[in-house]
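Thanks for coming. I will go through one structure this morning, starting with its strands. Please look at the sequence and the model first.

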Amino acid sequence: MIQIKDKEFISYISEEMLLQRVREMGGKISRDFEGQSPVLLGVLNGSFMFLADLAKSISIPVEICFLKISSYQGTNSTGKVKDMSSLDIDLKDRPAIIVEDIVDTGLSMNYLLGKIKKLGPKSVSIATLLTKPDALQHPVKVDYVGFEIPNKFVVGYGLDYDGYGRNLPAIYQLK
Ligand SMILES: O=P(O)(O)OC[C@H]1O[C@H](OP(=O)(O)OP(=O)(O)O)[C@H](O)[C@@H]1O
Ligand SMILES: Nc1nc2[nH]cnc2c(=O)[nH]1
């Protein structure tokens with residue numbers, strides 16, 4: 001068990017399991033996009049650790065850039081997406097892969113899809129480490145999923161509680 005601020009969390013997905021699954025996802029993406037050079041669009045802050053490990057497992061040429069949005073406060077969605085991005089890459093006619101740590105209600109991903117599609121990419125795919133099928137309110141088709149998890153708040157491996165816990169190498173669930 002670990003404590004972050006006022007909350008206790010218990011071990012949920014080990015570092016070993018995360019890395020094994022992320023490598024599988026990188027292998028699949030490499031096969032699916034063989035002969036192409038997609039742009040990985042990491043969504044800050046939460047995706048930084050997943051994106052780093054995923055990118056290391058991808059064997060085809062990729063470019064990497066980042067978007068920054070936020071919708072969570074504490075352990076709840078605000079219901080609104082705050083966009084702080086300025087995308088410095090031309091996506092026209094390029095395959096784009098949005099890389100997220102988690103699709104929870106789907107609000108953020110629906111917003112991102114709308115934003116990216118307007119930039120004229122060849123295709124838009126979604127890779128997320130985690131999804132919470134029982135929490136989904138804004139349906140979205142995810143192409144690459146690491147783990148489907150129950151509707152409980154999680155931290156670690158990029159995911160935070162109130163700014164903390166992102167540096168944990170494994171995933172923990174709210175007790
Ligand atoms: O499906 P949703 O309900 O929209 O939730 C998913 C979003 O929540 C998290 O971001 P957060 O707002 O916590 O910002 P952060 O990545 O900076 O922690 C996560 O990285 C997703 O972007
Ligand atoms: N840290 C964290 N951020 C989220 N954003 C959406 N769902 C979650 C979650 O379960 N944990």
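Strand S3 (residues 39-44) runs parallel to S6, and four bridges join them. Helices (H or I, at least four residues) and strands (E, at least two) are DSSP runs, numbered from the N terminus. Across that pairing, Leu 40 stands opposite Ile 97 in S6. This is a predicted model, with pLDDT of at least 70 needed for local features and 80 or more for side-chain atom pairs, while totals for chains, interfaces and linings use all residues. Residues are numbered from 1 along each chain as its sequence is written, and chains are lettered from A and ligands numbered from 1 in the order in which they are written.

Now the whole sheet. Six strands form an open sheet with mixed pairing, in the order S5-S4-S3-S6-S7-S8; two strands pair if DSSP finds at least two bridges between them. Strand S5 (76-83) and strand S8 (144-148) each have a single partner strand, so one side of each is left without a neighbour in the sheet.

Next, the core. The largest nonpolar core has 38 residues, and Leu 41, Phe 50 and Val 99 are among those with the most contacts inside it. Such a core is a set of buried Ala, Val, Leu, Ile, Met, Phe, Trp, Tyr and Cys residues joined through C-beta atoms within 7 Å; buried means 20 or more other C-beta atoms within 10 Å of a residue's own, with C-beta atoms placed from the backbone. Strand S6 (residues 95-103) gives the most to this core, with six residues.

Key. Buried ≥ 20, exposed ≤ 12 C-beta atoms within 10 Å, placed from the backbone.
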